[in-house]
Amino acid sequence: IFVIIFSVNVFEFIERSLIMKRINSNIKVLNRDMMKYLAYIPMLIGHTIAWINLMNHPENELALYELPILLLLISGLSLFCPPVMFFFIADGYKYTRDRKKYALRLLLFACISQPFHWLLFQPIYGWWTFNVIFTLFFGLLSIIAWESKLKLWQRILLIILCDAATVLLSSDWMLFGVLFILFLHILRDRPKARFIAYSLLIFIHTSMNLFSLGSVPAFKLILYMFVMLAVFMAAYLCMTVFYNGKKGKHPGFAKWFFYIFYPLHYLIIFIVKIALDRL
């Protein structure tokens, strides 16, 4: 807990100092597509390690902690991706020309990804778990609800319903994903408050791993929690310090590549699993 609190304070100090000094544009070297590539590569590597290990031990949902320490640490790098995805949902709401089409596109690819999600996880969790794009979809709906002209209590109720939907569906990053997306949007122009909200959510999400204490080796658990914190904060720094807000050179190709790659990466992992089983 001390390490987590200390890290949060250090990163808050770094961000505040950089903002006060009005960061030189020379270090804003990551455009939108580069950020996504940077997120998807460790996602594929980390998911391959963690998910294949889980599929090899379907009876043990905590099989991740049975990995050798090096592989455990590498698998944790996949956690760089979710905050980036949350950030770009909030960012996409601001810049997209048609929010309705944006929402429908997310829902479409959530549905396309779901059979691939079941391909890996149905033997472990059953049919009632859903992929993270559903969480992204409900996160976008929560922003739309917040920005609507409805009364405050109605907007809050719709946001609660969006968050509850992720829990009902048991989609990846349920409960937390919608809150990340919403706060990244609402606090866009208040960097200190945004950082505090982000850090608080990260602290709560990371601390929930302590419920596994006693069921898994304490050293591996604490080490993995530290990796989680470090990766989440690295993602935040990339999004707020090194991201320049610009599109890449081929935005049309990149947009569809990223939509297609998510369901495809399930299939890649499944093929790797089959290949390893045959060795």
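Reader: What makes you say that the charged end of Lys-36 sits over the ring of Phe-88?

Author: In this predicted model, the charged end of Lys-36 is 5.3 Å from the centre of the Phe-88 ring, and the cut-off for a charge over a ring is 6 Å, together with a limit of 35 degrees from the ring normal. Arg-155 is likewise placed over the face of Trp-146, with a distance of 4.9 Å from the ring centre.

Reader: Why is the pair formed by Tyr-40 and Phe-258 called edge-to-face?

Author: A pair of aromatic rings is described by the distance of the centres and the angle of the planes. For Tyr-40 and Phe-258 the centres lie 5.3 Å apart and the planes are at 70°; since pairing requires centres within 6.5 Å and edge-to-face requires planes over 60 degrees apart, the pair is edge-to-face. The pair links distant parts of the chain, with Tyr-40 in helix H2 and Phe-258 in helix H11, 218 residues apart, and both Tyr-40 and Phe-258 are buried.

Reader: What makes the pair of Tyr-262 and Tyr-266 edge-to-face?

Author: Their ring centres are 5.4 Å apart and their planes meet at 85°, so this pair is edge-to-face too. Tyr-262 and Tyr-266 both belong to helix H11, four residues apart, about one turn of the helix, and both are buried. The count of aromatic pairs comes to 30, and ring pairs also link Phe-86, Trp-173, Phe-180, Phe-195, Tyr-198, Phe-232 and Tyr-236 into a cluster.

Reader: Which residues does Tyr-198 touch, leaving aside those up to four places away in sequence?

Author: Tyr-198 touches Pro-83, Phe-180, Leu-184, Phe-232, Met-233, Ala-235, Tyr-236 and Met-239. Tyr-198 is also among the residues with the most contacts inside the largest nonpolar core, which has 81 residues; the largest share of this core, 13 residues, comes from helix H10, residues 218-242.

Reader: How many salt bridges does a search of the whole structure find?

Author: The search finds two. Besides the pair above, Lys-273 forms a salt bridge with Asp-277, their closest N and O atoms being 2.6 Å apart; both residues lie in helix H11, four residues apart.

Reader: Why is Lys-273 called buried and Asp-277 partly exposed?

Author: Lys-273 has a relative accessible area of 14%, under the 20% cut-off, and is therefore buried. Asp-277 has 48%, which falls between that cut-off and the 50% above which a residue is exposed, so Asp-277 is partly exposed.

Reader: What is the nearest side chain of opposite charge to Asp-163, and how far away is it?

Author: The nearest is Arg-155, 16 Å away, and a salt bridge would require a nitrogen within 4 Å of a carboxyl oxygen; Asp-163 is thus buried yet without a salt bridge. Asp-163 is found in helix H7, and, not counting residues up to four places away in sequence, Asp-163 touches Leu-175, Val-178 and Leu-179.

Key: Residues are numbered from 1 along each chain as its sequence is written. This is a predicted model: local features need pLDDT of at least 70, side-chain atom pairs count only at pLDDT 80 or more; totals for chains, interfaces and linings use all residues. Side-chain values use heavy atoms; hydrogens and water are left out. A nonpolar core is a set of buried Ala, Val, Leu, Ile, Met, Phe, Trp, Tyr and Cys residues joined through side-chain atoms within 4.5 Å. Buried means under 20% relative accessible area, exposed over 50%, partly exposed in between (1.4 Å probe, protein chains only). Helices (H or I, at least four residues) and strands (E, at least two) are DSSP runs, numbered from the N terminus. Contact means heavy atoms within 4.5 Å. Rings of Phe, Tyr and Trp (its six-membered ring) pair if their centres lie within 6.5 Å; planes under 30 degrees apart count as stacked, over 60 as edge-to-face and the rest as tilted. Lys and Arg count as positive and Asp and Glu as negative; His and the chain ends are not counted.
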